[in-house]
Amino acid sequence: MMGLTPRIKRRIAQDYTGEDRQAVEEILHELVNDLTGGAEERIVAATLIRSQAKVERFLLAVQIARDDSRGILMSSGLEHEDWRERLDAEFGTDS
């Protein structure tokens with residue numbers, strides 16, 4: 001089971017507070033556990049980008065990620081070969 005990476009946790013803390021923050025983390029943990037194929041961080045990051053720090057948008061983004069991982073990547077700008085650079089630019093690096 002993969003957890004949330006430090007940069008994902010930083011972004012959640014930046015975008016959400018209190019109960020919202022805790023709920024977002026729990027939902028993303030569930031999403032990560034349901035995903036397979038090694039793209040977990042990329043899909044979680046795409047979900048956070050798409051949500052724009054709004055709980056309602058976050059819940060919709062999670063549903064999109066569950067139904068169509070390519071769709072969430074496309075709607076967040078992480079669908080292309082340069083996704084790693086875009087992820088670093090958006091979330092920073094873990095090192």
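A: Let's start on the outside: E19 and D34 are exposed, and they sit on the face of α2 turned away from its buried side. Keep in mind that this is a predicted model.

The buried residues in α2 are V24, L28, L31 and V32. Going around the axis, they cover an arc of only 95°, so they end up on the same side of α2. The general rule behind this kind of pattern is that an α-helix has 3.6 residues a turn, so residues three or four places apart point the same way.

How long is the helix that carries them? With 17 residues at 1.5 Å a residue, α2 should span 24 Å, and its end C-alpha atoms are 25 Å apart, which agrees.

So what sits over that buried side? The cover on the buried residues of α2 includes α1, α3 and α4.

Take α1 (residues 6-15), where R7, I8, R11, I12 and D15 are buried. Seen down the axis of α1, these fall within an arc of 145°, so they line one face of the helix.

F58, A61, V62 and A65 are the buried ones in α4. Looking down the axis, they fall within an arc of 105°, so they line one face of α4. Turned away from that buried side is a face with the exposed residues E56 and D67. The cover on the buried residues of α4 includes α2 (18-34), along with α3 (40-51) and α5 (69-76).

That last pair, α3 and α5, also pack against each other, at an angle of about 50° with their axes 8 Å apart. Angles under 35 degrees would count as roughly parallel and 65 to 115 as roughly perpendicular, so α3 and α5 are oblique to each other. Their crossing is left-handed. If you want to click through the contact, the α3 side is R42, I43, A46, T47, I49 and R50, and these meet S69, I72, L73, S75 and S76 in α5.

Back to where we began: α2 has V24, L28, L31 and V32 buried, with E19 and D34 on the face turned away.

Notes. Residues numbered from 1 in each chain as written. Predicted model: local features only at pLDDT ≥ 70, side-chain atom pairs only at ≥ 80, totals over all residues. Heavy atoms only, no water. Buried < 20%, exposed > 50% of the residue type's maximum accessible area, 1.4 Å probe, protein only. Helix = DSSP H or I, 4+ residues; strand = E, 2+ residues; numbered from the N terminus. Arc of directions from axis to C-beta. Contact = heavy atoms within 4.5 Å. Expected span 1.5 Å × (residues − 1). Axes fitted to C-alpha atoms, helices over the stretch in contact; angles between N-to-C directions. Parallel < 35°, antiparallel > 145°, perpendicular 65-115°, else oblique. Left-handed = near helix turned anticlockwise from the far one by under 90°.
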